[in-house]
Amino acid sequence: MYDYDLLVVGSANADLVIGVERRPGAGETVLGSDLAVHPGGKGANQAVAAARLGARTALLARIGDDAYGRLLLESQRAAGVDTVGVLVGGAPTGVALIAVDPSGDNSIVVSPGANARLAPRDVRAATSLFHASRVVSAQLEIPLETVEEVVRTLPPDTRFVLNPSPPRPLDTEVLAACDPLIVNEHEAKVLLGEAYDVASGPEDWARLLLAKGPRSVVVTLGARGALVASSEGVVRVGAVAVDAVDTTGAGDSFTAALAWRLGAGASLAEAAAYAARVGAVAVTRRGAQESFPTADEVEALRGGGAA
């Protein structure tokens, strides 16, 4: 019997968000809206998204002993996330600087802060959390050596889900543990390197990534949906048509929802379809964590006729 449906190992940031008419180019200054501060970070976002959907969720992360850290702890607890694995101290809380344009697209710069101090020894000290969790998810806003230690700490029956963001090359040990590896086009391009240039589209990206060793791959395509690839083949997952206002955190909500549904016994295609609906609700609202839906809200979207 597992205590948690999902253990998220990853980053926790304060999101400092400014709305802009257009995102600046190199050397350019643009005026923006008043500054808004929100709890964020890919790890913290995934934990809140899963908990909002009803998953029993724990977070292993590191924050600073400061106001931003307290904001993050409060948001996790309010969503129902178990924060026993949240470590405090060692550096200021991480910060993400986010510019959002009128279409909802964003550009993000991250100062890792305490996230960079989440170390392999912290993973080893939290072994009991791993054994209590059905699925473990991670991202790359924490040190790569820490993610590698997560892979080594996984119990045999615990599934591992990785969104390699921000992307960087991964060794075979990490890739072989991914079930699935979840990437968008930019992340696929970095992981594929020269192979990306000869690929003709998402199906090719998925097959080439699968050949690198993951047990399965999911490629997210924004408004065009997603596709899933495994030894059984490649399957397209349809998009949900909505009016997007802010894409911040949408990928995190997708990953969290997919990881939770996989742990509940859904097939990869079924889990991705559910995750697409979760992401669709999230982009209709501003912010990251505050935009994540409950299970009832996701069900209402399907009831409204969305695919």
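This note goes through salt bridges in a predicted model.

1. The total is 13 salt bridges, counting a Lys or Arg side-chain nitrogen within 4 Å of an Asp or Glu carboxyl oxygen.

2. Arg 23 pairs with Asp 101, with 3.6 Å between the closest N and O atoms. The two residues are 78 apart in the chain and both sit in loops: Arg 23 between strand S2 (13-19) and strand S3 (36-40), Asp 101 between strand S6 (94-100) and strand S7 (106-111). Arg 23 is partly exposed at 33% relative accessible area, whereas Asp 101 is buried at 13%.

3. A salt bridge also joins the side chains of Arg 62 and Asp 122, at an N to O distance of 3.3 Å. Arg 62 belongs to strand S4 (residues 57-63) and Asp 122 to helix H3 (residues 120-125), so this contact ties together parts separated by 60 residues in sequence. Arg 62 has a relative accessible area of 13% and Asp 122 one of 10%.

4. In the pair Glu 173 and Arg 152, the closest N and O atoms are 3.4 Å apart. Glu 173 is in helix H6 (residues 172-177) and Arg 152 in helix H5 (residues 144-153), 21 residues apart. Through shared partners, salt bridges connect Arg 124, Glu 149, Arg 152 and Glu 173 in one network. As for accessibility, Glu 173 is partly exposed at 34%, and Arg 152 is partly exposed at 45%.

How values were computed: Residues are numbered from 1 along each chain as its sequence is written. This is a predicted model: local features need pLDDT of at least 70, side-chain atom pairs count only at pLDDT 80 or more; totals for chains, interfaces and linings use all residues. Side-chain values use heavy atoms; hydrogens and water are left out. Helices (H or I, at least four residues) and strands (E, at least two) are DSSP runs, numbered from the N terminus. Buried means under 20% relative accessible area, exposed over 50%, partly exposed in between (1.4 Å probe, protein chains only).
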